[in-house]
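Hi,

Here is the structure I promised to pass on.

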Amino acid sequence: MPSPAEGQRRTATPDKRPVPLYPGAAATTTRPPLPVDSREQLVYLLTQASELEQGILCEYLFALYSLRSDPADGLGAEQLAQVTRWGRTLSEIAVQEMLHLTLATNLLVAVGATPHFHRPNFPIRCQWYPPDVQVALVPFGEAALRHFLYLERPDQVDLRDAELFSTVCECRPLTAAPATLMAAPQDYSTVGHLYRSIGHGFERLVQRYGEAEVFVGPPDAQATSKLLGWPELVAVTDLASAKAAIATIVEQGEGADGDWREAHFGRLAGVLEEFLAATRADPGFSPARPAQPAFVRRPPDQPLATVISDPRTAQVAELFDAAHQAVLQALSRLFLHDDETDQEVATLADTAIELMAGVLRPLGSVLTTLPLGPDHPGELAGPAFFMVDPSQVLLPYRPAAWKVMVQRLDALADACARLGGGPGLDRVAGLEQAVRAIAAKLQAHLDERAAAS
């Protein structure tokens with residue numbers, strides 16, 4: 001996964017020509033925003049947005065990790081170039097999803113809420129989000145691409161989700177009475193519909209209480225372009241900046257003013273068309289490894305989850321999960337920082353980015369080459385992005401938080417060295433020094449604090 005700067009993509013200036021509907025799509029009408037009449041309901045929708053942004057980001061990363069990117073994978077030069085191009089598109093979109101998660105967190109902090117980096121474990125099939133919104137990890141292919149298009153579709157475009165996501169289940173009932181004091185679930189139809197409802201909620205609350213009483217969170221607790229490099233990343237301090245943040249998310253995902261060609265929806269539609277043409281030309285073309293997400297231990301919220309039975313694969317998967325948790329811890333501390341200096345806050349941001357790009361991606365790719373084990377002969381594993389429950393993400397106290405992160409990274413580096421000695425795990429061994437370098441940057445700040453006191 002590239003850095004935020006590498007993930008930037010120049011947006012073409014939209015012309016006013018009608019944009020054709022994606023093949024197989026039908027036109028529909030834009031749904032009105034959901035009613036939002038309290039801070040609690042707005043915060044609830046923002047936590048839903050944060051969970052979805054993180055979940056969709058993981059979906060893109062899983063598909064990216066599954067791609068065959070090595071000449072030894074048996075692809076021809078032209079096919080390898082094509083797969084590399086698809087991977088670059090997924091990577092750039094994943095970076096923008098990370099931007100969207102960061103903007104959603106800024107919006108949460110702006111209204112006085114806590115950053116929300118927790119979510120259910122995958123797959124998230126029903127009884128958590130509205131019935132039409134499911135999130136699951138699928139290797140790159142037609143099913144994954146059609147699912148991505150479904151999630152990123154503009155509000156006025158009607159598409160069906162991939163067949164893999166047609167699970168029938170007993171979804172939660174809506175509340176019988178409108179919510180007044182407590183937040184309640186509401187059915188949004190698309191990600192864009194959710195964000196338009198959030199924008200409507202900000203407008204309603206400002207009308208009722210005024211901007212000063214709505215935007216009560218500290219601006220310096222938010223992430224900005226100075227920290228993470230995205231020019232669109234702004235601190236949310238008033239209604240105008242809240243609307244700007246929401247507009248960035250919606251426009252990058254589904255397009256501006258109905259023109260989705262340069263948005264995620266349009267770019268993914270192009271990848272799907274290329275993929276279908278390539279597989280028609282060569283039915284044996286297989287650009288991705290058939291990996292499936294699997295857990296080291298079956299989590300309580302996933303009683304039917306696949307569990308890895310190969311000991312070596314399980315250790316690599318646990319290393320991935322620990323690194324993933326370290327990313328979320330660095331992000332949580334970034335938004336909950338207290339008396340950190342500007343340099344320390346910048347180091348927290350660098351820690352999250354370096355772990356995502358330099359540790360998670362190679363670990364995830366290695367994992368999709370390893371066997372699930374004797375319980376699943378011939379099948380390959382994949383990262384499950386395991387989420388510990390209760391969450392161990394938030395680290396609220398500065399001295400303790402920094403020491404916990406350093407100790408965690410040292411343990412990860414030791415695991416890289418230990419596992420890297422095994423056959424086929426040379427890439428894991430190569431991660432040891434990268435992880436130790438990240439830990440050393442954090443430790444340098446602890447040492448500086450100790451010397452000053």
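Is Lys243 buried, partly exposed or exposed? Lys243 comes out as partly exposed, at a relative accessible area of 41%. For the cut-offs, buried is under 20% relative accessible area, exposed is over 50%, and partly exposed sits in between (1.4 Å probe, protein chains only).

Before the rest, some housekeeping. This is a predicted model, where local features need pLDDT of at least 70 and side-chain atom pairs count only at pLDDT 80 or more, while totals for chains, interfaces and linings use all residues. Residues are numbered from 1 along each chain as its sequence is written, and side-chain values use heavy atoms, with hydrogens and water left out.

Now the overall picture. The chain has 14 helices and 4 strands; these are DSSP runs (H or I, at least four residues, for helices; E, at least two, for strands), numbered from the N terminus. Of the 453 residues, 54% are buried. Among contacts (heavy atoms within 4.5 Å) with a separation of 6 or more, 78% are between residues 24 or more positions apart. The accessible surface is about 19600 Å², and carbon and sulfur atoms hold 55% of that (Shrake-Rupley method, 1.4 Å probe; for residues, only the protein chains shown count as cover).

On to the charged pairs. The whole structure has 15 salt bridges, each being a side-chain nitrogen of Lys or Arg within 4 Å of a carboxyl oxygen of Asp or Glu. One of them joins Lys243 to Glu203, at 3.0 Å from N to O. Since Lys243 is in helix H8 (residues 239-254) and Glu203 in helix H5 (residues 191-209), the pair ties together parts 40 residues apart in sequence. Glu203 is partly exposed too, at 29% relative accessibility.

Another runs between Lys441 and Glu354, with the closest N and O atoms 2.9 Å apart. That one links distant parts of the chain, 87 residues apart: Lys441 in helix H14 (residues 431-452) and Glu354 in helix H11 (residues 342-367). Lys441 is partly exposed at 40%, and Glu354 is partly exposed at 28%.

Helix H14 also holds Arg436, which pairs with Asp414 at 2.7 Å between the closest N and O atoms. Asp414 is partly exposed at 41%, and so is Arg436 at 27%.

Finally, take a look at Asp339, Glu344, Arg398 and Arg449, which are linked in a network of salt bridges.

Cheers
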